[in-house]
Amino acid sequence: THTQTHSKNMTLREGFLVKRGHLVHNWKARWFVLMPDKLLYYKYEGGKRDSCQRGEILLEDCVMTCPFLEHENRPLVFKLQTKNGVDHFLEACSREERDDWAGDITAAVDKLQTSEGAKAPKQQQDPAGSQFHNIDLSKVLDSMYDVHSGINMSNHVEQGNTYSNCFSGSAVVDWLVFMQLTLTRVEAMTLASALLEEGSLRTVGLKSVEALRTAGLSEQFLDDSTALYSFSDSLKKRGSVKAESSRSAVELSGKVIKRGYLLKQGHRRKNWKLRLFVLRSEPAYLHYYDPTKDDISPAGGFSLRSCLVSSLDDNGVPSGVKGNVQGNLFKIITQSDTHYFMQAPTQQHKTDWIDAIRQQT
């Protein structure tokens, strides 16, 4: 039996996939680890895998649909349905990657089937969160923000400190139930936790922040009149939508040579974000996209003509680099002397990217 338990903990495959949220159907990049009997996924914050496990999907009796073509703009999605009827939508960065993941997961499911033998059928359970079909978070936020029917913001005093423009956890729950956006207070807490997790609401003062720390695993929203929250700063400036600079069609006309996920350091805030990179030739360009949106309009990109690409050492943090760095760093200097710092998920990925970029410079 010893060898058996050992094999249970074996990692069959790991890498980034973009996952659709359950309650709120937004897409988030997660680091996935495939084990013989389950698929684990983790948050990846600022260039570091969060060791607090984010979630797991048990593979026994799962059903795979690949490709799953119902999400327009997202042809690289596959669907994994658990035996309780919960659907998980996962998106890879390329067709090959999608088919490899789907193949490896299906093989693991099949292997469990044969090793477990025939078993008594399990009761169908109500899939978690099924009552929340297609809640659109941005619509919820717009109505919370509404001048007439939205949530009231006021000043609150906590332990001698005054916090302005905020509201209590129970006020949010009251409002969600009153507006019939949710049926129960428990559902309202789940919805508010989702708003907190995606950064639309933030914690204010000690009590709500403490709740986050003790919850550990997920962003826990408190139905409590003393836990304070407010809209996040980015929303307060919602009026100013910056004009999309249009990219020339020529830039995006080249043949796609390579696609994949890399962490990129931001220029101003120096924070690490996961981006889907697409390398094209003739003309040679490297574009990057926010994987939680679509891959139609790039978040940025540059011509590879006369670029310098260099591998960076993993010991010590090079100048210009901040934050949690796992390693597998490399740097691209463009013709206009802009420095881009990237982290690849593995040493092999790094080597492959450097080689592919060099061939285009």
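This is a dialogue on how to read some features of a predicted model.

User: How many helices and strands does the protein have?

Analyst: Helices (H or I, at least four residues) and strands (E, at least two) are DSSP runs, numbered from the N terminus. The protein has 8 helices and 20 strands. Buried means under 20% relative accessible area, exposed over 50%, and partly exposed in between, with a 1.4 Å probe and protein chains only. Of the 361 residues in the protein, 44% are buried.

User: In what order do the 7 strands of the open sheet stand?

Analyst: Strands of a sheet pair through backbone hydrogen bonds, either parallel or antiparallel. Two strands count as paired if DSSP finds at least two bridges between them. Here the order is β17-β16-β15-β14-β20-β19-β18, with antiparallel pairing. β17 (300–303) and β18 (308–311) stand at the edges with a single partner strand each, so one side of each is left without a neighbour in the sheet. From one strand to the next, the twist averages 30°; axes are lines fitted to C-alpha atoms, for helices over the stretch in contact, and angles run from 0 to 180 degrees between N-to-C directions.

User: How many bridges join β14 to β15, and how many join β14 to β20?

Analyst: β14 and β15 run antiparallel and are joined by 10 bridges, with Q265 opposite W272 in β15. The two strands form a hairpin with 6 residues between them, and K270 in the turn has a positive phi of about 60°. Strand β14 (residues 255–265) and strand β20 (residues 339–343) are joined by 2 bridges. There, L263 has Q343 in β20 as its bridge partner.

User: How many residues of strand β15 are buried, and how does β15 pair with β16?

Analyst: In β15 (residues 272–281), 9 of the 10 residues are buried, so the strand is largely enclosed by the rest of the structure. β15 pairs with strand β16 (residues 285–289) over 5 bridges in the antiparallel sense, and the bridge partner of L279 in β16 is L286. The hairpin of β15 and β16 has 3 residues between the strands, and E282 in it takes a positive phi near 50°.

User: Which residues of α3 are buried, and where do they lie around the axis?

Analyst: An α-helix has 3.6 residues a turn, so residues three or four places apart point the same way. In α3, the buried residues include L137, V140, L141 and M144. They cover an arc of only 100° around the axis, taken from the directions from the helix axis to the C-beta atoms, which puts them on the same side of α3.

User: At what angle do the axes of α3 and α4 cross?

Analyst: Two packed helices are described by the angle between their axes and the distance between the axes. The axes of α3 and α4 cross at roughly 105° and come within 12 Å. The two helices are therefore roughly perpendicular to each other; angles under 35 degrees count as roughly parallel, over 145 as roughly antiparallel, 65 to 115 as roughly perpendicular and the rest as oblique. V140, S143 and M144 in α3 meet V172, W175 and L176 in α4, where contact means heavy atoms within 4.5 Å.

User: What covers the buried residues of α4?

Analyst: In helix α4 (residues 169–178), G169, S170, V172, V173, W175 and L176 are buried. Their cover includes α3 (137–145), β11 (161–168), α5 (185–197) and β13 (228–231).

Note on methods. Residues are numbered from 1 along each chain as its sequence is written. This is a predicted model: local features need pLDDT of at least 70, side-chain atom pairs count only at pLDDT 80 or more; totals for chains, interfaces and linings use all residues. Side-chain values use heavy atoms; hydrogens and water are left out.
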